[in-house]
Every structure is written in C-alpha cells, then in structure tokens.
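Here is a short briefing on one chain. Please look over the sequence and fold before reading on.

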Amino acid sequence: MGANRWGSLNPTMSLVLEKSSRVRELLSVLEGRRRILVLSHNNPDPDSMGGAFGLRFLIEKHLKVPTTFGYRGDVFRAENLEMVRSLGIGMIHVSDLDLSRFDGLCVVDTQPGFGHTVLPEGLPVDAVIDHHVPPSNDPEIGRFRDVRTDVGATCSIVTSYLMGLGISIPPRVATALLYGIRTDTAELSRNTSVLDEGAYMRLMARADRKALARITGPSLPKNYFRAFRKALNATRIYGKVVVCSLGRTDNPEIVAELADLLLRLQSAEWVVCGGLYEGIYYISVRTNSYGRDAWSLLRDVLDGEGSFGGHGTVGGGSIPVADDSPRCLRRLERRLMKNLLEVLGESGTPAVSLA
Ligand SMILES: [Mn+2]
C-alpha cells in the first residue's frame, strides 16, 4: 500500500460523513426501545465481537438505552479470549438471558437466515449490520439494514457510525473495533475498502496498544500445540490444493487458524480445512487465487449440504451432522474432498503429506 493512499484522508472522511445518514436512520429505528439486545453470530469472531461491542457503546451513549451484547456458542481462539478479557467486553451467553426483557434486536456481522445465527423467537429484528452477501428482500428481515459487501469488516461500518455522530471512541472500544478490522482484512491486505482504511487509521490513534499486543500474542495451552501437531500430520497436498480433514476436534477454531497458516505454504493456492465439533462439521476456505472466490468454491463443494458464507478470499461453512459416528464422518469428509478436487481440477493428483 503506497504512502499516497495513507496520506489521502480527505476522500475517506467525506465518504464517512456521506454515510452518516445511515446511523441517523439506525437511531430512529431504535428510538423508543427500552432494552436492546445486540447479537453476534455463533462462536463470535473479533469482527463480530468488536462490532457488537462498538454498537452497544453507541446505543448506550447516544440513546441512553440499556443494551446487552448476547452471543451463542463459544469463544475458542486464545487471541479472541484475550480480547474479551483485556478489553472487558461484557458479553452474555443467550442461554443466560431472559429474552422477554428485550424489545429491540440488532444483528451484527451476520444476517437473519444465516446458518451460524439463531435469532431469539418472538423478538423482531430492528437492525442488521453486516458485510457478507446482499440481504434477501424479505421485508420481515430488519427494519434497518446496512449490508455493505464492498467493506472488509463490520467493525469499519460501526466505526463510521461513531465518527458520523462525532462520538469520541474510548480506547477499549477503539481497540476492539481495530482488532476486528485487522483480523477480517488481514491487516488491510484483503477485501479492503477506503472505509476500512479510514476507520483503521482513526482507531489506531485511539487504541490501547499494550492491550493490542496482549491480544495478538496470548500465551497458549499445551493442548493447542498438540492439536496443531495432529492437524499438520493430517494435512495433504494435491497440486495447488492443500486439505486438512481433522475428523473430530475439541477446538473448532483450529480449523480456521490452520487454514490461515497453510495458505502460506509455497505453491498453495487453495486451502480447505474441516473438523467436527459438537455435531457440526466446520469448514474453512482460504485462497490467494483471484480467479474465483472462496464463497463460490464452498457452494460447489457443499453441493446443497449445510450453510456457508464468505468474503473474497476467505470463506467458512458448517454442516450439521446427525450421525457423528467415525464411519459417517469419514464418508462426509470423502464426499467433500471428492467435490473439492473435482471443482479445482485436481481429481487425479496424488496426495503428498507435509512429512
Ligand atoms: Mn466480519
């Protein structure tokens, strides 16, 4: 990225301010609510957590409405756990909430209907803020929708709201938003728009850099390295395609983490990693090939099974598995592998291990 792009703040600022009408629209939709739930997707990632944390701050600060950040699933990755701990992101598992107390709902970094998001029953969706695929036209889905598929991180959209309202962003919130942008855009290297760049620079000036260093380099338990060794042993290379079928895993995040790492393997153009955790088979796709995107590859590999999403070079999918016996799991992995190698033209290529 050239210095001229970093230096050109003015076009960014005007872009941000142009969009400040969006946050006014959001606030008018939430006006009059007495208690709001901000919901991330299941097993929230930094972009989902940063976006929800930032939005909760915005609503409480601007509308003075008590707001709760709710999530489902779990936070696994050591970096993400450190993010929650270091920044004091008070998020509450939905099963611990009395949902009848809420009269407002905002969905962040995901959309109603996405496989990895379960909406509370009986609570209409007020707002959807996301950057994945264009929303369906169903008028029931969110009175306010701000879905920008050209933006690299939901955190950038939330930052633009705060900037649009001229709210000073406290270091804890700035750090969370910044970390969300950093992870979703791989340090502004992928799926990045001018909005992401502007938000990144604004947040960098406000962030708690000591906390950021703790988050990016957390200490890791022994079983992390054990899981990694097992995964590397299971990795196979088929020409330009690198595959790791983990079978059963006790840490679904390792699927995504490994995919990031394996893309750095010389000659790798596509990486697909998968693993079963608590009845769901998780798949992560990474690519550095710009011929097609991760999302369309997942569509063809899953071939109607499960659900998937993605953004440019990064994608993820999940398949609920009713029978998680070793035999069924092996069958599922074989089926996915066959589709994958066919779609990417590596069907006849012999497998090579890392050893
Ligand atoms: Mn995101």
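**Overall build**

The chain holds 13 helices and 13 strands. Here helices are DSSP runs of H or I with at least four residues, strands are runs of E with at least two, and both are numbered from the N terminus. The radius of gyration of the chain is 20 Å, close to the 20 Å that the globule rule gives for 355 residues, so the chain is as compact as a globular protein of that length. That radius is taken over C-alpha atoms, and the rule is 2.2 Å times the number of residues to the power 0.38.

This is a predicted model: local features need pLDDT of at least 70, side-chain atom pairs count only at pLDDT 80 or more, and totals for chains, interfaces and linings use all residues. Residue numbers start from 1 along each chain as its sequence is written.

- Along the principal axes, the C-alpha atoms fill a box of roughly 60 × 50 × 40 Å.
- Of the 355 residues, 44% count as buried (20 or more other C-beta atoms within 10 Å of the residue's own, with C-beta atoms placed from the backbone).
- Of the contacts between residues at least 6 apart in sequence, 65% join residues at least 24 apart (a contact puts two C-beta atoms, placed from the backbone, within 7 Å).

- Six strands form an open sheet in the order 3-2-1-4-5-6, with parallel pairing (strands pair if DSSP finds at least two bridges between them).
- Strand 3 (91–93) and strand 6 (144–147) stand at the edges, each with a single partner strand, so one side of each is left without a neighbour in the sheet.
- The twist averages 25° from one strand to the next (angles run from 0 to 180 degrees between N-to-C directions, and axes are lines fitted to C-alpha atoms, for helices over the stretch in contact).
- Strand 4 (residues 104–108) and strand 5 (residues 127–130) run parallel, joined by three bridges.
- V108 has I129 of strand 5 as its bridge partner.
- Helix 4 (residues 46–63) packs on the sheet and touches strand 1 (36–39), strand 2 (67–71), strand 3, strand 4 and strand 5. Its direction makes about 165° with that of strand 2.

**Helix 6 and its partners**

- Helix 6 (residues 154–164) packs with helix 8 (residues 194–206) at about 65°, their axes 9 Å apart.
- S156, T159, S160 and M163 of helix 6 contact L195, D196, A199, R202 and L203 of helix 8.
- Helix 6 and helix 7 (residues 171–184) pack at about 145°, with axes 8 Å apart.
- C155, S156, V158 and T159 in helix 6 meet L177, G180 and I181 in helix 7.

Conventions: Buried ≥ 20, exposed ≤ 12 C-beta atoms within 10 Å, placed from the backbone.
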